[in-house]
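Visitor: I would like to learn how to read the features of a model like this one. Please take them one at a time.

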Amino acid sequence: EILGHERVGVLPFGVQPRIHSPVAVPGGRQRDVAFAGTYYAETHDVRRKQMETILAPAREFGLEIFSRVEGDDPRYIWPPEYRPHVVGSLPYERVLAAYRTYKLFLNVNSVTQSSTMCARRIFELSACGTPVLSGYSRAIEEVFGDLIPISTSVGQTREALAEMLADSAAASRRAH
């Protein structure tokens with residue numbers, strides 16, 4: 001309105017090539033599958049549902065979780081079935097190395113119907129050359145197309161995990 005025209009858009013997240021790059025870490029991608037994020041026990045119902053679709057089946061594939069919130073606050077405590085998979089918390093600088101240590105990272109979404117809002121981590125992981133498997137998000141579909149596989153069921157997640165972890169060359173090509 002101020003500019004007097006409608007040629008205005010949303011600028012998606014950017015990445016810093018000096019820190020978000022596919023340069024290998026020593027030892028390469030030795031770990032299988034990870035998730036870095038927060039569990040919200042009292043809010044974000046859609047996100048918790050996606051966790052059941054995306055994270056629950058990943059437990060069978062060696063899922064490791066980096067929790068963003070440590071402590072005893074009941075609003076952020078992971079349910080018992082996930083606690084054995086929580087391997088700690090990482091400061092942001094170490095998360096960047098973790099992005100390049102895992103063969104696959106998982107993503108869930110709090111907002112699913114926005115055409116522009118999705119997790120910053122998807123952009124960062126992609127810049128790091130790390131394959132991502134995500135729960136549904138309209139923004140991911142619109143911004144990334146079929147470059148980021150989206151799962152909407154436990155069965156789809158199991159199938160995608162098995163496929164992506166079994167064929168590292170195909171997963172690398174997709175990430176590239």
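Visitor: Which residues are exposed on the other side of helix 5?

Guide: Some ground rules come before the answer. This is a predicted model, in which local features need pLDDT of at least 70 and side-chain atom pairs count only at pLDDT 80 or more, while totals for chains, interfaces and linings use all residues. Residues are numbered from 1 along each chain as its sequence is written, and side-chain values use heavy atoms, with hydrogens and water left out. Buried means under 20% relative accessible area, exposed over 50%, and partly exposed in between (1.4 Å probe, protein chains only). Helices (H or I, at least four residues) and strands (E, at least two) are DSSP runs, numbered from the N terminus. In helix 5, the exposed residues on that side are Glu159, Glu163 and Ala166.

Visitor: Which residues of helix 5 are buried?

Guide: Thr157, Ala160, Leu161, Met164 and Leu165 are. Viewed down the axis of helix 5, the buried residues fall within an arc of 115 degrees, so they line one face; the arc is that of the directions from the helix axis to the C-beta atoms. They pack against strand 1, helix 1 (45–58), strand 4, strand 5 (132–135), strand 6 (150–151) and helix 6 (168–175).

Visitor: How should I read strand 5?

Guide: In a regular strand the side chains alternate between the two faces of the sheet. In strand 5, Val132 and Ser134 on one side and Leu133 and Gly135 on the other are all buried. Strand 5 pairs with strand 4 in the parallel sense over three bridges; pairing requires that DSSP finds at least two bridges between two strands. Phenylalanine 105 stands opposite valine 132.

Visitor: Which residues touch the most other members of the largest nonpolar core?

Guide: A nonpolar core is a set of buried Ala, Val, Leu, Ile, Met, Phe, Trp, Tyr and Cys residues joined through side-chain atoms within 4.5 Å. The largest has 21 residues, and Phe66, Tyr99 and Phe105 touch the most other members. Helix 2 gives the largest share, four residues. Leaving aside neighbours within four places in sequence, tyrosine 99 is in contact (heavy atoms within 4.5 Å) with residues including Phe105, Leu125 and Cys128.

Visitor: Why is cysteine 118 too far for a bond with cysteine 128?

Guide: A disulfide is a pair of cysteine sulfur atoms within 2.5 Å. The sulfur of cysteine 118 is 16 Å from that of cysteine 128, its closest cysteine sulfur, and therefore too far for a bond. The disulfide count is zero. Cysteine 118 counts as buried because its relative accessibility is 9%, and cysteine 128 counts as buried at 0%.
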